[in-house]
Amino acid sequence: MEQNINALLEQFRAVAANPKKAMEDYIAETGKGVIGIMPLYAPEELVHATGFLPMGLWGGNRSISKARTYLPPFACSIMQQVMELECDGAYDDLSAVVFSVPCDTLKCMSQKWKGTAPVLVFTHPQNRGLESANRFLEHEYAVLQEKLEAITGVKITNAALENSIQIYNENRAVMREFSHVAAQYPQVISNKDRHAVFKARMFMEKSRHTTLVKELLAAIKATEPQPWTGKRVVVTGILLEPDGLLDIFDELGLAIVADDLAQESRQVRVDVPEGNEAPLYRLARVWQNMYGCCVATDTKKQRGPMLMDMVRKTEADAVVVAMMKFCDPEEWDYPIYYRQFEEKGIRSLMIEVDQEATAFEQARTRLQSLAETL
Ligand code: SF4
């Protein structure tokens with residue numbers, strides 16, 4: 001059984017580590033292209049319905065040099081990486097890149113694209129409580145749909161879109177279950193492997209990813225959960241990479257029992273609602289229903305209570321804030337939920353995430369102190 005789990009995990013690790021190969025395999029197999037999806041959110045179902053592969057563009061782990069010409073040093077770490085990859089032509093085989101622009105950095109990036117792929121920009125309205133915001137976004141998606149049809153040469157029918165919505169909703173449900181099960185089996189699913197399963201979903205056709213995750217879940221559940229002698233943490237932020245950081249969590253026995261990372265659980269938090277309304281309208285409703293994310297305006301500031309609820313449900317010992325270097329939206333949220341944690345006695349620690357980093361000694365020291373004091 002252990003062998004089977006490892007063989008399945010190896011497939012996720014391979015895809016997560018080599019998106020270029022995943023892209024080339026998909027093109028060779030289907031004859032269709034690949035469309036880049038910039039962080040944080042986009043109606044990937046529209047791309048999926050064309051038969052093209054939606055592929056997440058969440059940076060890398062390169063040394064930054066060319067990007068310095070186009071971005072100020074205080075642009076967030078992930079966009080420095082994306083710009084460096086653009087300059088190196090890493091995205092030139094994409095048929096297009098879909099961009100939502102909920103923060104200033106993304107707005108600039110959408111206007112400064114250096115690759116050869118066409119850029120398809122749309123706007124998420126920030127006054128999310130209004131019905132007119134849903135209608136506005138539905139219209140944005142209709143424009144995006146037209147552009148995608150022109151680029152891919154595929155007419156997106158309502159039936160194809162409904163099918164893609166169903167595939168994505170199923171994948172989200174399976175990933176929520178995976179997160180839950182991984183928390184019960186930290187000896188079986190390391191933090192690094194947990195991340196690989198999430199990361200692979202950005203580079204795989206979703207029904208395939210779902211099938212593989214289901215197999216993994218069945219294999220894990222066939223084993224007995226063992227008592228965990230380490231500590232349990234919830235992580236929050238944009239993402240928690242490079243792998244060197246996750247290795248430290250593993251070495252210190254800090255099991256990630258739930259996450260609020262934009263690259264991971266925020267992607268699967270909200271389903272496309274069912275109903276008789278048009279699929280584009282229901283896709284738009286996802287944005288209205290989104291919660292606990294720094295780029296989705298929340299006047300009630302519910303991120304702190306949401307994180308505390310996650311701590312309670314998972315019996316976590318602390319929250320680790322993975323602060324993306326120079327991410328304004330994340331930095332603005334932090335003092336609010338930090339104060340809420342203090343008021344309720346929730347332990348927390350902030351570490352900085354710099355995708356360019358190759359050494360993590362500062363984070364190691366801080367995480368080690370947290371582990372020791374818990
Ligand atoms: S939300 Fe933060 S990490 Fe994402 S692009 Fe904007 S500034 Fe960068």
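These legends describe close-up views of a predicted model. Local features need pLDDT of at least 70, side-chain atom pairs count only at pLDDT 80 or more, and totals for chains, interfaces and linings use all residues. Numbering starts from 1 along each chain as its sequence is written.

**View 1. The shell around the ligand.** The ligand has 14 residues around it; Cys 76, Cys 103, Thr 105, Met 324 and Cys 327 come nearest (near: C-beta atom, placed from the backbone, within 6 Å). Helices H4 (77-87), H5 (104-111) and H14 (328-344) each give two or more residues (helices: DSSP runs of H or I, at least four residues; strands: E, at least two; numbered from the N terminus). H14 has the largest share, with three residues. By class, the shell holds 11 nonpolar residues, one polar and two charged (nonpolar: Ala, Val, Leu, Ile, Met, Phe, Trp, Tyr, Cys, Pro; charged: Asp, Glu, Lys, Arg; polar: the others, Gly among them).

**View 2. The largest nonpolar core.** This core counts 115 residues (buried Ala, Val, Leu, Ile, Met, Phe, Trp, Tyr and Cys joined through C-beta atoms within 7 Å). Ile 35, Val 98, Val 233, Val 234 and Val 319 touch the most other members. Helix H7 (residues 158-184) supplies the largest share, eight residues.

**View 3. Contacts of Ile 35.** Beyond neighbours within four places in sequence, Ile 35 is in contact with residues including Val 47, Phe 52, Leu 94 and Val 98 (contact: C-beta atoms, placed from the backbone, within 7 Å).

**View 4. Helix H8 (residues 191-200).** Nine of the 10 residues of H8 are buried (20 or more other C-beta atoms within 10 Å of a residue's own; exposed, 12 or fewer; partly exposed, in between; C-beta atoms placed from the backbone). Among them are Asp 193, Arg 194, His 195 and Lys 199. Their cover includes H1 (2-17), H7, H9 (206-221), H10 (243-251) and strand S6 (254-261).

Definitions and conventions. Contact = placed C-beta atoms within 7 Å.
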